[in-house]
Amino acid sequence: MVNDTKKKSRIGHVVIYIFLAITTFISIFPFYFMFISGSNTNKDILSNPPKLSFGPYLAENFKMLSERMDILLTTYNTLFVSIVYTLLAVFIYSAAGYILAKFNFVGRTVIFGFIMLSMMIPTQVLYVPWFKMMIGAGMTDSHWGVILPMLANSFGVFLMRQNMLSFPTALIEAARIDGSTETRTFFSIVLPNVKPALGALVIYMFTSMWNNFMWPLIILGSKTKYTFPVALAMLDGNPTNKNYAVIMLATSIATLPILIIFLIFQKQFVAGVMGGSVKE
Amino acid sequence: MKRGKGETKSLWRRLNSLKNFPYFLIAPTVIIFVVFMVYPIVYSLILSFQEFKHGTYRFVGLKNYIVLFKDPIFYKALMNTFFYLIVQVPIMIGLALIIAVFVEEKYVKGKAFWRTSIFLPSITALVAYALVFKVLFNGDYGLINYVISALGGDKVQWFYSKWPARFSIIISITWRWTGYNMIILLAGLQAIPESVYESAAIDGAGFWKKLTYITVPMVKPILLFTTITSTIGTLQLFDEPYVLTQGGPDYATITIGQYLYNNGFVYMNFGYASAIGYVMVFIIGILSVLQFKIKDN
């Protein structure tokens, strides 16, 4: 009887490991396929079966890609919108989070209530008014037109507010008694002590902008302004001389930075997903 | 303009007074949300009652909504989106829960490895991963069809017939988002006290009993959260059908988000697009209330 349950649970263990192994394989394989395909020819990819190992055509594909897409400029554009967006968001949301968590003032409930409620609003509803506003402000086809409206991100404010809640109020009060100004308390006592939450916010904002597609697609008109997702979609949408090797190389180039950031800052990625609670 | 030293000082002092400080720090957020959230929500509602004709906008009452409810393509978009919702969200959340439970099993080694690799798909840009899947789903030379025919099946023309096209999108989204939801559910599982399982084990509860009587009820709020966020995400589905199927064949995969985009930014029909947006808001509102109700029962 005891032996029986033991055997049963051992089979269970094997089943679980096999299941996890298959799931992991499925999760990782498309990355592998993308990277190797960038080094093969279009013909290698479109054959039965497609080539599944690295090939010698990386340099050649790179040359072909450079003729169709300004890789450096696209990288610069994507970096610019992502970094500026992240910096602004971190400053604005950490201030808002701190105030919403630690101060009592008229309007707090209304402001926080609205921010919570607006998480239910599909962003796409806002695109038409945003677009008209950007036309009015002369900001279509500009990176600021991509960045500014996207700053109305309820999740970012929520994330900072949740993390500021657990910051010890006693520390703030002690600083006040010591004669520290409110500004100084915020910058030199509060911010340095919520670094993990800031890290989660940075990663969350940066990747969401780096990967953003629909709004940049709407607002950006000229090739010289494109960010990676828009440039990739345009590369794929162009039917002349379609070369999947070149497209996969471009996709790899767009994915690699995020992959590296992820491997370095895994904890912050996960914390961003879970509303900023940074745990070991 | 030059400002006197005393004036700067008093401004600084006023900013730092306990009464004013919160307002100064919250001001940027309030301004941003008023300009880019409150105003657009109202503006969009007004636009949805307007029509652009002869160079001006004029009020047309419910016309956009009436046209919308007679629009066959809108119904296709609605049906497709609901199909994705009903089929994809439960499969994905179920899968995410099972993976999370397996990874959390005490004896499973290499937890960090499994977690990281299964989470990996959710760092990719939607356009990027959709392009990879476009190659994998290729009708004549795709790897997926190669595997299917190697196993003795018939090749599927994924993007040229209705149901396969829909399933290609469902499979792709599931690949992208399962790990993301798994991570959220893991946090919930870790919060369940070990003692609950231990006493259940003493009572002789097996794997399935523990799953259905302890795990699922305990992570219900998180299951609700992941279901609501997935629902909002699915209703706004855009990037994947844009890259994979362009909404085709014959609108078989078009989503509400894509139809909004086409009307607003391809045909520049802002009033109609806003009406579509408001129907979307309405649906999300109803579904969220429904999901909360289901949770309460």
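Student: What makes up the domain assignment of chain B?

Tutor: Domain 1 (21-61) and domain 2 (66-296). The bounds come from an automatic or database domain assignment. This is a predicted model: local features need pLDDT of at least 70, side-chain atom pairs count only at pLDDT 80 or more, and totals for chains, interfaces and linings use all residues. Residues are numbered from 1 along each chain as its sequence is written, while chains are lettered from A and ligands numbered from 1 in the order in which they are written.

Student: How far apart do the C-alpha centres of domain 1 and domain 2 of chain B lie?

Tutor: They lie 31 Å apart. The contact takes seven residues from domain 1 of chain B and six residues from domain 2 of chain B. Two residues are in contact if their C-beta atoms, placed from the backbone, lie within 7 Å.

Student: Which elements give two or more residues to the domain 1 side?

Tutor: In chain B, α2 and β1 (50-53) do. Helices (H or I, at least four residues) and strands (E, at least two) are DSSP runs, numbered from the N terminus.

Student: How does the radius of gyration of chain B stand against that of a compact globule?

Tutor: Chain B has 25 Å, whereas a compact globule of 297 residues would have a value near 19 Å. The radius is taken over C-alpha atoms, and the globule rule is 2.2 Å times the number of residues to the power 0.38. Along its principal axes, the C-alpha trace of chain B spans about 75 × 55 × 40 Å.

Student: Why is Ile99(A) called buried?

Tutor: A residue is buried if 20 or more other C-beta atoms lie within 10 Å of its own, exposed if 12 or fewer, and partly exposed in between, with C-beta atoms placed from the backbone. Ile99(A) has 25 C-beta neighbours inside 10 Å, so Ile99(A) counts as buried. Ile99(A) sits in helix α4 (residues 71-102) of chain A.

Student: Which residues does Ile99(A) contact, leaving aside neighbours within four places in sequence?

Tutor: Pro22(B), Leu25(B) and Ile26(B). Across the two chains, 74 residues of chain B are in contact with 75 residues of chain A. Helix α2 (residues 21-47) gives the most to the chain B side, with 17 residues.

Student: Why is helix α13 (residues 228-237) of chain A described as largely enclosed?

Tutor: Seven of its ten residues are buried, so α13 of chain A is largely enclosed by the rest of the structure. Phe228(A), Pro229(A) and Leu235(A) are among those buried. The buried residues of α13(A) pack against elements including α4 of chain A and α6 (126-136) of chain B.
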